[in-house]
Amino acid sequence: MSISSQQLQDASRIFFQLLNQKTLSIHDPVISPYFEEDGDGVREALKILADESGTRILQTAERIHLVARPEGSLFATSFSQMKKRYGDIENKKYFYLINQIIFVFLAEIDLPSSATVRWEHAGVSYFLLEKNVSQLLSQWKKEDQETEGKFSESYGLAVKEMAELWESMAVHSDQDDQDDRIIGTRKSHIGVIHIAMRLLRDEGLVFIVEDEKRAIPKKELYERLENGYHQQARYEEMRELILASRRDAHA
């Protein structure tokens, strides 16, 4: 298929706008060439730009998303990039722990559509996340010890490092709060949870109610779950493991 210079220009405008905003409403004027009847060239050019940069275009009923591929992406967030952007992520132990907190949050909200209304309105309390992460790491540490490290090796998890780091922190500290705002620090469970939620907020996926220590998932996050994460084997594996571990902890 031949792509005209105008179609390439339109596709480039859409791509770089997506890079800047992460998502675009299907009603945004910049996206209109993508949906035109003769927009095949625009769609093809946009796909080429995404493929070459290691990203994917996700189309939902209300928005277009640009997401990084798990591997080979120019825009994937590596540890060094995240550390540069978020100074409190001191080392890879914090990197692993923060990613695990995000997984726990996603497992909490990734429910049948009839149940998501609760989280869309009430949000997820930081203290509920703290409780769930504590129970999860305690359960995983127990299983890892009983299997002599085979559990963490099997799932590719730094269980010992995450559990030791989590256990070294207080649940909450006086430094976490300042003028009804949360100060994300690596010195407490609540502080580290706030850092994890800020990562999602900065991607436009959650809204944080700081004075109540709650994270409210946005529709963009549910679209990302349905059209992106659910197609990734690693996400589904981790979600099932978290839910299974939670059931075992309460058995």
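Trainee: Which residues touch the most other members of the largest nonpolar core?
Mentor: Keep in mind that we're looking at a predicted model. The largest nonpolar core has 44 residues. Those that touch the most other members are Leu97, Ile101, Phe105, Leu106, Trp140, Met197 and Leu221.

Trainee: And which helix gives the most residues to this core?
Mentor: Several elements each supply at least two residues of this core, among them helix H7 (126-146), helix H10 (189-202) and strand E7 (206-209). Helix H5 (92-109) is on that list too. With 10 residues, the one that gives the most is H5.

Trainee: What does isoleucine 101 touch, not counting residues up to four places away in sequence?
Mentor: Ile101 is one of the core residues that touch the most other members. Looking beyond its sequence neighbours up to four places away, isoleucine 101 touches Val133, Trp166, Val192, Ile193, Ala196 and Met197.

Trainee: How many residues are in the second, separate core?
Mentor: Ala11, Phe15, Leu24 and Ile31 are included in the second core.

Trainee: Are H5 and H9 roughly parallel or roughly perpendicular to each other?
Mentor: Start with the axes, which come within 9 Å and cross at roughly 90°. Angles of 65 to 115 degrees count as roughly perpendicular. H5 and H9 are therefore roughly perpendicular.

Trainee: What kind of aromatic pair do phenylalanine 103 and tyrosine 235 form?
Mentor: A pair of aromatic rings is described by the distance of the centres and the angle of the planes. For phenylalanine 103 and tyrosine 235, the centres are 6.2 Å apart and the planes are at 20°. Planes under 30 degrees apart count as stacked, so the word for this pair is stacked.

Trainee: How many residues apart are phenylalanine 103 and tyrosine 235?
Mentor: This pair links distant parts of the chain. Phenylalanine 103 sits in helix H5 and tyrosine 235 in helix H12, and the separation is 132 residues.

Trainee: Is tyrosine 235 buried or exposed?
Mentor: Tyrosine 235 belongs to one aromatic cluster with Phe103 and Tyr229. Its relative accessibility is 4%. Buried means under 20%, so tyrosine 235 counts as buried.

Trainee: Where is isoleucine 242 found, and which residues is it in contact with, leaving aside its neighbours within four places in sequence?
Mentor: Isoleucine 242 is in helix H12, and at a relative accessible area of 2% it is buried. Isoleucine 242 and phenylalanine 103 are 139 residues apart in sequence, yet their C-alpha atoms are 8.3 Å apart in space. Beyond the neighbours within four places, the contacts of isoleucine 242 are Gln100, Phe103, Val104, Ala107, Leu136 and Trp140.

Trainee: Is threonine 23 buried or exposed?
Mentor: Threonine 23 lies in strand E1, which covers residues 23-25. Apart from neighbours within four places in sequence, threonine 23 is in contact with Leu18, Arg63, Ile64, His65, Glu220 and Arg224. Its relative accessibility is 13%, so threonine 23 counts as buried.

Trainee: How far apart in space are serine 188 and valine 171, C-alpha to C-alpha?
Mentor: Serine 188 lies in the loop between strand E6 (181-182) and H10. With a relative accessible area of 0%, serine 188 is buried. In sequence, serine 188 and valine 171 are 17 residues apart, while in space their C-alpha distance is 5.4 Å.

Trainee: Is aspartate 51 buried, partly exposed or exposed?
Mentor: Aspartate 51 has its place in helix H3, residues 40-53. The relative accessibility of aspartate 51 is 35%. Between the cut-offs of 20% and 50%, aspartate 51 counts as partly exposed.

Note on methods. Residues are numbered from 1 along each chain as its sequence is written. This is a predicted model: local features need pLDDT of at least 70, side-chain atom pairs count only at pLDDT 80 or more; totals for chains, interfaces and linings use all residues. Side-chain values use heavy atoms; hydrogens and water are left out. A nonpolar core is a set of buried Ala, Val, Leu, Ile, Met, Phe, Trp, Tyr and Cys residues joined through side-chain atoms within 4.5 Å. Buried means under 20% relative accessible area, exposed over 50%, partly exposed in between (1.4 Å probe, protein chains only). Contact means heavy atoms within 4.5 Å. Rings of Phe, Tyr and Trp (its six-membered ring) pair if their centres lie within 6.5 Å; planes under 30 degrees apart count as stacked, over 60 as edge-to-face and the rest as tilted. Axes are lines fitted to C-alpha atoms, for helices over the stretch in contact, and angles run from 0 to 180 degrees between N-to-C directions. Angles under 35 degrees count as roughly parallel, over 145 as roughly antiparallel, 65 to 115 as roughly perpendicular and the rest as oblique.
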